[in-house]
Amino acid sequence: MRLDTAAIRRGCANSEIRTFRHLCGAELDHFRSAAKADGALTVACTQQAAQFTDEAGERSDRITFTNIRETAGWSRDGATAGAKMAALLAAAAIPSPDYPLVTLSSEGVILIYGRDEAAIEAGCLLAQHLDVTVMLKQPGDVTPPAAAVFPIVKGTIRNARGHFGAFELTIDDCARPRPSSRERLEFEAPRNGATSRCNLVLDLSGEMPLFPAHDLRDGYLRADPRDPAAVLRAVLSARDLVGSFDKPKYVDFTPSLCAHSRSKLTGCHRCLDLCPTGAITPAGDHVAVNAEICAGCGQCAAACPTGAASYALPPADTQLQTIRAMLLAYHDAGGARPVLLLHDRQHGTPLIDALARHGDGLPANVLPLAVNELTQVGLEAVIGAFAYGASAVRFLLRAKPRHATTGLSQTIAMADAVLAGLGFDGCRVATIETDDPDSLGEQLSGIETLTCVAQPATFKAVGKRRDVLRFGLSELHRLAPKPVDVIALPQGAPIGAISVNTDGCTLCLSCVSVCPTGALRDDPDRPMLKFVEDACVQCGLCQSTCPEKVITLRPQIDFSASRAPAQVIKEEEPALCVRCGTPFGVKSTIERIAAKLEGRHWMYPAGDKRLDAVRMCADCRVIVMSEQQFDPFRGIPERAPPRTTDDYLRQRESKG
């Protein structure tokens, strides 16, 4: 492949660039010398990464690898891919912070769930490696094995929960076989509600999966019993699942930031709606994330409006720093109209490799960036990409995704609304859903030529996801073709304002007490409700808490909100204590209460001074009641004594 070293040097101006023809062979000494030098080292070869890592020894931790061959050089446009190579090298130089791990352990206890001899045969293959139990659901004519090598029972799994190393199954119709079974397995009397605990589950029932998004549940293996090759692959996978295994703790969760619930009223439930595995559950005022079940799709972090859930592989600001380095290097190297292609390593990388080896390769302006999961990409990454000079963004998905991509669809819808509102015409953000490399190449080549911002932004992404999003939006607004102040967003957007029917608002300030971000505020000196739009995350707690139901959410982005002072939504005269003059409430509310009580309640006859207590502050009310020796039970109308259970029983007996 050709190397446009001049373009690469322009894009990586602060780096020393060296080129070789056979670095892993005849020129290996050059690598050894570079590995001993100080500073970070990037090798533009992933094929021989293992060899280079071994050669570097203890200094291998300062080396990163990036692929500029299948992603750039091996292409019909390879001769003009110098700017892209610079972008790929610049992106590889961005370090990713370490992430925490979760350790899962398995002692090899496996339950094989099936219907016939296929499950027993799988048990025979695993018996020397694992602690096997076979459970048959409604078995027909199953011949008993000659020797009881492992338990065989009958049962139907009613409910399954847990994770790799700690599954718990609830079994109905559970029974052991009779040892006297001759031609076919015969079972003892069944019982319901039995509990089975195991480390692994091999599901050969051929029915609906036991878990949602079952492909993402570690330790749960499933195969069609009619497909011997699939069953064998599942058996071989199960055989190796013994011992301790580390998996990333994908999501870092801060309960104090969660806006799920207050006072048993639900506000935000975005993460609960999006989690494909059921790893997120309500836990009082916040939610809980089960790290053992979490499969790392990242939809919760991408949708979380407060930042309570944040993705760790990598964090949002690190991901945007990589996009920044890639796009700025591309522009510095002389590239034009870049298309950012986001893909995962399991599906996207092999597809791109196949296109490079057997097709035309990626176009020179398509910059591929591998992420752990496409659904982890939030609005801040898309908005930041356009601020840094991308002309379009594409997400490369499987033709049939392993789990729902609802969160990603919502992100794309919000990005479309923002970009269209700012004057970016054409199809700017979309998905490419294919398993065919030729189809991928055709769709990438068919992307219309679109303009990008005249002068890319250079801001550095540092901080939490919402802070990064806020800054990216302000920069994109500054550079937009047709900047406007307010853009309506789709329902569910984490940015917006509220509408309050002030005629029905009583200034009870319940909304202020539950607002998790301080977007709704009061005033210590007078009855007042204020709103700060820049702090609103559209969690809905104010809406669900308002006793008068006068609050509605209005998803939008107001680019002037960050500079605007708190908006006064409603203000009234304070009620002054008739005894000491201290303000203690809302005047209109106190007068309305007094009008409803006077002459209509036995405690407050018309014209009685007792009504003055309603117009007093709490301290004066206590003092006056004490001075007047007020008896709250005086004047209570005589009523019949309350009826008891015995009264009702006697009444029934008399009627009987």
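Trainee: Where does P314 lie?

Mentor: P314 lies in the loop between β17 (309-311) and α10 (316-332). Keep in mind that this is a predicted model.

Trainee: And what kind of peptide bond joins L313 and P314?

Mentor: A cis bond, with omega at about -5°. As a rule, most peptide bonds are trans, and most residues other than glycine have a negative phi.

Trainee: On phi, then. What is the phi of A213?

Mentor: Phi of A213 is near 45°, which is positive although the residue is not glycine. A213 belongs to the loop between β9 (200-203) and β10 (220-222). K549 is another case, with a phi near 55° in a residue other than glycine.

Trainee: Where is K549?

Mentor: In the loop between α17 (541-545) and β26.

Trainee: Is K549 buried or exposed?

Mentor: Exposed, because its relative accessibility is 56% and the cut-off for exposed is over 50%.

Trainee: You mentioned β26. Which residue can we look at in that strand?

Mentor: Take Q556, which is in β26, residues 551-558. Q556 counts as buried because its relative accessibility is 9%, and buried means under 20%.

Trainee: What is Q556 in contact with?

Mentor: Setting aside neighbours within four places in sequence, Q556 touches V486, I487, A488 and L489, then I495, G496 and A497, and also E533.

Trainee: Changing topic. How many helices and strands are in the chain?

Mentor: The chain has 20 helices and 29 strands. Its radius of gyration is 33 Å, well over the 26 Å that the globule rule gives for 656 residues, so the chain is more spread out than a compact globule.

Trainee: What box do the C-alpha atoms fill?

Mentor: Roughly 105 × 85 × 45 Å, taken along the principal axes.

Trainee: And what share of the residues is buried?

Mentor: Buried residues are 48% of the 656. As for contacts with a separation of 6 or more, 67% are between residues 24 or more positions apart.

Trainee: Let's do some helices. Which residues of α3 are buried?

Mentor: A49, F52 and A56 are buried in α3, residues 49-56. Seen down the axis of α3, these buried residues fall within an arc of 65°, so they line one face of the helix.

Trainee: What sits on the face of α3 turned away from that?

Mentor: The exposed residues A50 and D54 are carried there.

Trainee: What covers the buried residues of α3?

Mentor: The cover includes α2, β1 (41-43) and β2 (63-65). Just after α3 comes G57, with a positive phi of about 60°.

Trainee: What about A90, buried or exposed?

Mentor: A90 counts as buried at 15% relative accessibility. A90 lies in α5, residues 82-92. Leaving out neighbours within four places in sequence, A90 is in contact with C12, A325 and A329.

Trainee: Next, α11. Which of its residues are buried?

Mentor: In α11, residues 348-358, the buried ones are G348, L351, I352, L355 and A356. Down the axis of α11 they fall within an arc of 135°, so they line one face of the helix.

Trainee: And what covers them in α11?

Mentor: The cover includes the helices α4 (69-73) and α14 (437-445), along with the strands β18 (339-344), β19 (366-371) and β20 (392-397).

Trainee: Last one. At what angle do α12 and α13 pack?

Mentor: About 35°, with the axes of α12 (residues 379-387) and α13 (residues 406-421) 9 Å apart. The crossing of α12 and α13 is right-handed.

Trainee: Which residues meet there, α12 to α13?

Mentor: From α12, L379, V382, I383 and F386; from α13, T411, M414, A415, V418 and L419. By class, the contact of α12 with α13 has eight nonpolar residues, one polar and no charged.

Note on methods:
Residues numbered from 1 in each chain as written. Predicted model: local features only at pLDDT ≥ 70, side-chain atom pairs only at ≥ 80, totals over all residues. Heavy atoms only, no water. Axes fitted to C-alpha atoms, helices over the stretch in contact; angles between N-to-C directions. Helix = DSSP H or I, 4+ residues; strand = E, 2+ residues; numbered from the N terminus. Left-handed = near helix turned anticlockwise from the far one by under 90°. Contact = heavy atoms within 4.5 Å. Nonpolar A, V, L, I, M, F, W, Y, C, P; charged D, E, K, R; others polar. Buried < 20%, exposed > 50% of the residue type's maximum accessible area, 1.4 Å probe, protein only. Arc of directions from axis to C-beta. Rg over C-alpha atoms; globule rule 2.2 N^0.38 Å.
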